[in-house]
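These are my notebook entries on one structure, written down in the order in which I looked things up.

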Amino acid sequence: TQAAAFLRSNPLAKQALQRSGRTVSAEVNGQQQLRQLSVRWLRNETDTAFQRLVIQRTAQGLQATQTSAALSTSVRMTGGTVASSLYAAADEARLPDAVISQLTDIFSSQIDFHRTLRKGARFSVVYEVLEADGEPIRTGRVLSAEFNNDNKLYQAVWFQENGQKGNYYTLDGKSLRRAYLAAPVAFSRKTSGMGMRLHPIFQTMHVHKGVDYAAPSGTPTYTVGDGVVEFAGVQGGYGNMVIVRHNNGHSTVYAHLSRIQVRKGQSVTQGQVIGAVGSTGWSTGPHLHFEFRVNGVYTDPQRVIQQAQSTPISPAARAAFQRQADAARLQLAAASQIRDGNEL
C-alpha cells in the first residue's frame, strides 16, 4: 500500500510508468515491502542511451532517481525454414518483426518475396540486440544474413567504408543496392503474373502485360528505381496510373492506384512512395498492376531487375571487407547449425 501510494504521487514514477510496454523489475524483503523497483526505456527508437528510473527504500523512506546510461550491444543468431509463410517461420524462430522487415529489405533487389519465395526456403540471420543493464530493449542492425530459396543461395553482409554510408554486399563484394527493387510494394500476396489469362471483368482471354500484387487499399506503392514521372493521372482501364521513366529506355507502370502522390516531371528516387494500392479503372478488387517496359515493349520485370549491375567494394577497402566477409561466413554457418538443431 505504501509503495503503491508513492508510485501514484511521485512525479518521476508517474512519468516512467504511464507508458505501456515498459519492463518493470521489483525486489521485496521478507515482510513483502518494496526494496527496489527499476524501469528502463528509450525516449525514441534511435536513442543510443536509455533512461533508468530506480526507486529504493532508504532510512528516509522510498526515494526515486532517474539517470541515463549507454546501451550495450550483443549479437544474436537464428534461422528458420518456410513451411507456410515467411512470417510464420520468423515467429517460430522467435525473430522480431523489425529483423524480418530488414531481411526483406536487404534482399529486395534479388528476391521477389511475392512471386518467388518457395516452401522449404531456409534463412539464417545474425543481428544486433541493444540492451539496457542486460535487458533487451530493442533490435539493432542485421549484420549478415542468407536465404536458400529454390536451390539458390543469397548472402549479405553489412559493411561501411571509411567516410561513406554503410551498405549490404554479397560476400564477394557486390553491392545489393541495385538499379531496381524486386517489387513495388512491401511483402504481400501475389495474384497473377504475365501471360494469357481470363479477364476478370470481360470474361475473355487477354494477354496480361504485367504483374498484379494483391494488397489492402491504401498500401504504399514504391517506385522500383530512380527516374522522372512521365505520367500521373487517369488512363482508361488502368484507372489512376503513374509511369516512371528510368535510364536506358526503361519505364515502369503502376496502375489502379487509390491515390497518386507525385506529379508529371517530378524526379523520384528508388523506394519513394508514389501512390497507394487501390481498385480504380477495370479492377475487381484492391491490387497494384505493375509493368516493366523496355523501349516501350512489355518485359518480364525480374529478367531486367536481375540483370541490373551493382557497385563493387573499392580496391582500397577490399582487405577490410574480406575480413568482415570471412567473419560473416563463420557466423552464418553457426546460425544455420542453430536453425537445424531447433528443427530436429
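**Entry 1, paired strands.** I found that E2 and strand E3 (residues 49-58) run antiparallel and are joined by 6 bridges, where helices (H or I, at least four residues) and strands (E, at least two) are DSSP runs numbered from the N terminus, and two strands pair if DSSP finds at least two bridges between them. The model is a predicted one, in which local features need pLDDT of at least 70 and side-chain atom pairs count only at pLDDT 80 or more, while totals for chains, interfaces and linings use all residues. Residues are numbered from 1 along each chain as its sequence is written, and side-chain values use heavy atoms, with hydrogens and water left out.

Across this pairing, Trp41 stands opposite Gln51 in E3. With strand E1 (residues 24-28), E2 is also antiparallel, over 5 bridges, and there Ser25 stands opposite Ser38 in E2. The hairpin of E1 and E2 has 5 residues between the strands, and in it Gln32 takes a positive phi near 60°. I also asked why E2 is largely enclosed by the rest of the structure: this is because 6 of the 8 residues of E2 (residues 34-41) are buried, buried meaning under 20% relative accessible area, exposed over 50% and partly exposed in between (1.4 Å probe, protein chains only).

**Entry 2, a three-stranded sheet.** I noted an open sheet of 3 strands, in the order E14-E20-E18, with antiparallel pairing. Its edge strands, each pairing on one side only, are E14 (220-222) and E18 (259-260). Between E14 and E20 (residues 273-276) I recorded 3 bridges, and the bridge partner of Thr221 in E20 is Gly275.

Gln155 lies in strand E8 and, at 22% relative accessibility, counts as partly exposed. Leaving out residues up to four places away in sequence, Gln155 touches Phe107, Tyr169 and Leu332, among others, contact meaning heavy atoms within 4.5 Å. Gln155 and Leu171 are 16 residues apart in sequence, and their C-alpha atoms are 6.5 Å apart in space.

Most residues other than glycine have a negative phi. Arg94, in the loop between H3 and H4, has a positive phi near 55° and counts as exposed at 75% relative accessibility.

The volume of the largest pocket is about 840 Å³, and of its 30 lining residues the closest to its centre are Thr104, Asp105, Ile106, Ser108 and Leu181. On a 1 Å grid over the protein atoms alone, a pocket is an open set of points where a 1.4 Å probe fits, with protein on both sides within 12 Å along at least five of seven lines, and lining residues have an atom within 4 Å of a point; the volume is the space filled by probe spheres set on the points. H4 gives the most to the lining, with 5 residues.
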